[in-house]
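Work through the exercises below with the sequence and the model at hand. Each task is followed by a solution in steps.

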Amino acid sequence: DLFTLSFSFAQFTTGTKSVSSVFSYSSAKANKDATDNVTATVINPTGSYFVMDNIAVDVGINLSTMAYGDETYKTTDIGFGGAYYYPMETGSVYGGAGYKMGSVTDGDDDSVKMNYLNIKAGYLYGLTENWYFDIGLKYNMGMGKVKAGTVEVDNEATTMTFGVGLATFF
């Protein structure tokens with residue numbers, strides 16, 4: 001049964017490509033009397049290329065918008081890195097690291113620039129032959145300085161994100 005074999009020990013060979021994405025939307029009120037919601041939308045497409053069996057290089061973009069009343073903040077992150085995929089019976093466990101450059105804009109103000117070390121880990125659960133449900137955790141650790149116009153401060157920011165999405169391999 002070839003279909004069963006494709007899920008058993010899912011291995012990604014040299015030359016395999018992958019495209020994945022995470023999308024999220026949230027809306028919240030600070031309290032029951034608040035007149036405006038805080039909304040956030042995130043789109044995170046990523047492309048990967050396997051340079052060796054189970055070892056991929058990644059390029060990703062993270063686009064997010066957060067709005068509260070008349071205020072809108074837009075964040076654009078561009079990153080690259082690598083990951084190792086360990087085959088399991090129903091998918092693969094993965095882990096990797098990379099470098100991310102970010103920019104936040106708030107209307108006409110100077111954009112805020114920052115850099116991060118990005119560490120990720122997750123699990124790909126096989127849905128069909130080339131499609132996987134991606135469950136992952138990402139940790140960003142600030143590096144260098146945060147720059148806004150002529151102002152510079154140490155980048156001590158950290159974020160941890162849990163996400164789910166879909167990935168295809170071809």
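**Exercise 1: Confidence**

This is a predicted model; the mean pLDDT of the chain is 88, and 94% of its residues reach 70 or more.

Task: Find where in the chain confidence is lowest and where it is highest.

Solution. 
1. The lowest confidence belongs to helix α1 (residues 2-7), with a mean of 41.
2. Strand β6 (residues 112-126) has the highest, at 95.
3. Over residues 1-9 pLDDT stays under 50, and the model has 15 contacts beyond four places in sequence for this stretch.
4. Where pLDDT is low, predicted coordinates should not be read in detail.

**Exercise 2: Fold outline**

Task: State how many helices and strands the chain has, and in what order they run from the N terminus.

Solution. 
1. The count is 1 helix and 9 strands.
2. The order from the N terminus is α-β-β-β-β-β-β-β-β-β.
3. Of the contacts between residues at least 6 apart in sequence, 53% join residues at least 24 apart.
4. Along the principal axes, the C-alpha atoms fill a box of roughly 60 × 40 × 20 Å.

Terms used
Residues are numbered from 1 along each chain as its sequence is written. This is a predicted model: local features need pLDDT of at least 70, side-chain atom pairs count only at pLDDT 80 or more; totals for chains, interfaces and linings use all residues. Side-chain values use heavy atoms; hydrogens and water are left out. Helices (H or I, at least four residues) and strands (E, at least two) are DSSP runs, numbered from the N terminus. Contact means heavy atoms within 4.5 Å. pLDDT is the predictor's confidence in each residue, from 0 to 100.
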